[in-house]
Amino acid sequence: MPHSITKRGRFWHYTITVAGRRLRRSTGAEDKKIAERIASEAEAKEWRRHLDGPGADVTMAQVFAAYIDAGKSDRFLDPLIDHWKDTLLSQVTPEAIRASSRKIYPNAANATWNRQVIVPTQAAINYTCRLLGMAELKVSRFKVATVMKEPATPEWVEAFCDQADVDDLPHLAALCRFMFGTGARIGEAVSLKWSDIDFEAKEALIRQTKVGSERTAHLQSALIVSLANIPSNRNPDDLVFGYAARDSVRQVWDNVIRRASIDRLTPHSCRHGFATTLLRRGIDVKTVANLGGWKDARTVLETYAHAIEDSTLTDSIFDTFAPRNATHDYTSHYNKREIS
């Protein structure tokens, strides 16, 4: 049956029936013609929901608002909100999301399109889909060439820190050791406050802005000494390393490298070195990912596989089975079998 409207007190109310489901609502209008229009639109909306699914009238603005209200990371969302505006969720396709990458960041690389458009857009949409019981959206990412990253080594770190100490830059030496010892990103490290460090527990709270989470990192003895050598009043809200932002580190970092005559590595190479060093020392990939704050162990394996590309590591396979102080001549044994 078509909708009907009835005046109750000052306002008109409508009654609509869609697929056997009856709804009664106030239009909030005193004028009958306006009330008729509101009732017609409400009826059309309910039919769309019935025929096209629960997300038929959900807009992208509502999608992003719900995502943010749920406490999810709002990093990279502003350009996405501005681009999609009130576009209906039902009209957003995987290819439309890929196309939006080029429009929002026309001069960016594939990795940026993946990180700043596809990943957050898909995350926000799928959060709403789960709320509404809808099928989640899958978006193919742009291909990104795998680049082997040169990691910092313990020897490189010590050479860097020795030069930083000579240059009277104890906070820079501590920064280098902190990133190498905890796997912290440069942005996470420079935002560290003294209140985030617990010297007694040998722990530091690292806020991982890239993935929107926090983790607690263990502080090695050498790192604790380096942190303790930073001249500071240690006010809880003061920055530990004294740099306002990651870009503030670049010039002084490169100057120390030049004076130390060592390979020109970026601060992020310390995070690479954290993973590579642990892998080379036999720590399993899943544990390395957990210790360094990687959400997916596969990322560690794909990015740092070169750390274990030494085929001679298989020499250790039979070490367990060889008797201690063995003097048996196995070569002679096999030669005798061949002769016989």
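**A loop position and its setting**

Mentor: In this predicted model, Ser140 touches Arg98 and Ile118, with residues up to four places away in sequence left out of the count. Contact here requires heavy atoms within 4.5 Å. Ser140 itself is placed in the loop between H5 and H6. A further relation concerns Asn114: Ser140 and Asn114 are 26 residues apart in sequence, while their C-alpha atoms lie 9.1 Å apart in space.

The structure contains 8 aromatic pairs. In one of them, the ring centres of Trp113 and Phe142 are 5.0 Å apart and the ring planes stand at 55°, so this pair is tilted. An angle over 60 degrees would be needed for an edge-to-face pair, and one under 30 degrees for a stacked pair. Trp113 belongs to helix H5 (residues 110-132), and Phe142 to the loop between H5 and helix H6 (154-166); the pair therefore ties together parts separated by 29 residues in sequence.

Most residues other than glycine have a negative phi. Phe76, which is not a glycine, has a positive phi of about 75°. Phe76 is found in the loop between helix H2 (60-69) and helix H3 (77-84). Lys202 likewise has a positive phi, near 60°, and is a residue other than glycine. Lys202 lies in the loop between E4 and E5.

The antiparallel pairing of E4 with strand E5 (residues 203-208) runs over 2 bridges. Within this region, Ile197 is opposite Ala204 in E5.

Another open sheet of 3 strands, also with antiparallel pairing, has the order E1-E2-E3. Its edges are strand E1 (4-8) and strand E3 (21-26), each of which pairs on one side only. On average, neighbouring strands of this sheet are turned by 20° against each other, direction ignored. E1 pairs with strand E2 (residues 11-18) in the antiparallel sense over 5 bridges, and the bridge partner of Ile5 in E2 is Tyr14.

Helix H11 (residues 268-280) packs against helix H12 (residues 285-292) at an angle of about 150°, and their axes are 10 Å apart. H11 and H12 are therefore roughly antiparallel to each other, a term that applies to angles over 145 degrees. Their crossing is right-handed. From H11, the contact involves Arg271, Phe274, Ala275, Leu278 and Leu279; from H12, it involves Val285, Val288, Leu291 and Gly292.

Conventions: Residues are numbered from 1 along each chain as its sequence is written. This is a predicted model: local features need pLDDT of at least 70, side-chain atom pairs count only at pLDDT 80 or more; totals for chains, interfaces and linings use all residues. Side-chain values use heavy atoms; hydrogens and water are left out. Two strands pair if DSSP finds at least two bridges between them. Helices (H or I, at least four residues) and strands (E, at least two) are DSSP runs, numbered from the N terminus. Axes are lines fitted to C-alpha atoms, for helices over the stretch in contact, and angles run from 0 to 180 degrees between N-to-C directions. Angles under 35 degrees count as roughly parallel, over 145 as roughly antiparallel, 65 to 115 as roughly perpendicular and the rest as oblique. A crossing is left-handed if the near helix is turned anticlockwise from the far one by less than a right angle, and right-handed if clockwise. Rings of Phe, Tyr and Trp (its six-membered ring) pair if their centres lie within 6.5 Å; planes under 30 degrees apart count as stacked, over 60 as edge-to-face and the rest as tilted.
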